[in-house]
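This report walks through selected features of one protein model. Keep the sequence and the 3D view open while reading.

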Amino acid sequence: MKKIISLAPGRTCLFGDHQDYLGLPVIACAINRNIQLTAVENETSVFKLNMEDINEVRVIDINATFEELEPRDYFASSLRVLRRHGCIPTVGYDITVKGDIPINSGTSSSSALLMAWINFLITAYGVDCEVTPEFIAQMGYASEVLEHGEPGGMMDHFSIGVGNIVHINTSVPFSYNIIGTQLKGLITGVSGVPKETIGLIGELKGNALLAIDIIKQNFKDFDLHKTELEDIDKYRNYLPDRLIPFFEAAIKNYQYTKEALKEFDKPTLDLVRIGELMNMHHAVLRDLLKITVPKIDDMINAALRAGAYGAKIVGSGGGGSIVVIADPKKEDAVVAAILAAGAKEAYTVTVDPGARVI
């Protein structure tokens with residue numbers, strides 16, 4: 001019996017939250033928490049998916065074409081996308097899914113499951129083009145965002161598919177490059193407050209795009225990619241008060257991400273400087289975009305008091321997780337402080353090499 005084990009890591013966003021839908025760059029990394037999908041050929045015409053962690057079983061006909069998609073049904077949308085690339089299921093599999101990525105916490109458990117599933121399908125049935133980490137990432141983005149018309153970007157799929165620490169240029173033409181394979185002192189803290197993704201991203205994205213559109217109407221040669229911090233005051237007067245924070249946040253987060261990229265280009269990482277930039281980035285997410293909740297702020301303050309260099313909320317916000325950079329010698333103290341501040345979980349993580357079949 002053919003057996004396939006497909007593994008996909010979670011991810012954390014180091015810099016660039018709420019940037020990828022504006023075509024601005026992101027620095028993210030895959031982390032060593034993962035979803036593992038173990039598939040054994042069953043000589044039937046169904047996929048029988050046993051999702052142990054959520055105590056759910058799903059049966060999918062391998063010949064289903066899914067003319068209509070249910071919201072957030074990524075198993076179906078990826079089958080639909082991959083069929084267009086010549087991936088045609090011919091035999092069923094019994095599949096067990098389990099993982100240690102906290103669900104709905106901002107570390108991409110749903111995208112990791114999707115990427116593990118896509119990698120399994122491609123391994124089992126093949127596709128009619130070259131399979132690269134980039135191709136798998138593109139299939140993930142198409143299946144999750146494009147097929148469902150969701151407001152997200154490409155960060156999750158590329159950080160999970162390509163692995164390591166990756167700088168993703170989300171504007172057209174899209175590009176990415178791996179800028180590191182390890183980062184010491186990396187910690188994740190999970191608040192236990194479920195994040196609110198789709199509505200929140202849609203609202204923030206809409207406001208940011210509206211602000212940029214108003215500026216473009218007044219300044220024909222306006223280019224978001226060439227705007228500096230000192231330009232904010234020049235443009236502020238053209239915006240209604242309610243849109244100023246979204247515009248300011250876009251410019252500031254972009255600057256901090258560019259500064260961070262310079263740090264990652266250095267042969268020896270200055271964790272203190274990276275932490276400072278992370279704190280500046282978090283201040284924008286907290287004060288301008290207002291995506292934090294009290295428990296997240298408590299966890300971050302506790303981490304910094306315990307000797308972390310920097311900390312920020314991760315992802316869409318409204319709950320979820322934080323990422324922390326700490327002195328590697330103080331990791332245990334920082335983890336303990338985050339837990340004492342009410343976190344559901346906190347743990348050290350390392351950079352992961354990305355989605356793979358083992």
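Predicted model: local features only at pLDDT ≥ 70, side-chain atom pairs only at ≥ 80, totals over all residues.

## Helices on the sheet

Helix α8, residues 271-287, lies across β9 and β10. The helix runs at about 30° to β9.

## The four-stranded sheet

What is the strand order in this open sheet? It reads β9-β10-β8-β11, and the pairing is antiparallel. The edge strands are β9 (308-313) and β11 (345-348). Each of these two pairs on one side only. On average, and with direction ignored, neighbouring strands are turned by 20° against each other.

Look next at the β9 and β10 pair. Strand β10 spans residues 321-326. Five bridges join β10 to β9, and the two run antiparallel. Gly310 has Ile325 of β10 as its bridge partner.

## A histidine in α8

Helix α8 contains His282. Is His282 buried or exposed? His282 counts as buried because its relative accessibility is 2%, and the cut-off for buried is under 20%.

Which residues does His282 touch, leaving aside those up to four places away in sequence? The contacts are Thr292, Ile296, Asp297, Ile300, Ala311, Lys312 and Ile313.

## The cavity

The structure holds one cavity of 30 Å³ or more. The volume of this largest cavity is about 50 Å³. Its lining is made up of His18, Gln19, Tyr21, Leu22, Leu204, Ala208, Phe246, Ala249, Ala250, Asn253 and Leu289.

Two helices, α5 (198-218) and α7 (244-264), each supply at least two of the lining residues. Which element gives the largest share? That is α7, with four residues. By class, the cavity lining has eight nonpolar and three polar residues.

Most residues other than glycine have a negative phi.

Asn55 has a phi near 60°, a positive value in a residue other than glycine. Asn55 sits in the loop between β3 (46-51) and β4 (56-61). Its relative accessibility is 73%, so Asn55 counts as exposed.

Asn164 is not a glycine either, yet its phi is positive, at about 65°. Asn164 is found in the loop between α4 (155-162) and β6 (165-169). Is Asn164 buried or exposed? Asn164 is buried, because its relative accessible area is 13% and the limit for buried is under 20%.

Definitions and conventions: Residues numbered from 1 in each chain as written. Heavy atoms only, no water. 1 Å grid on protein atoms, 1.4 Å probe; cavity = no way out; pocket = protein on both sides within 12 Å on 5 of 7 lines; lining within 4 Å. Points joined across faces, edges and corners; volume = space filled by probe spheres on them. Nonpolar A, V, L, I, M, F, W, Y, C, P; charged D, E, K, R; others polar. Pairing = 2+ DSSP bridges. Axes fitted to C-alpha atoms, helices over the stretch in contact; angles between N-to-C directions. Contact = heavy atoms within 4.5 Å. Buried < 20%, exposed > 50% of the residue type's maximum accessible area, 1.4 Å probe, protein only.
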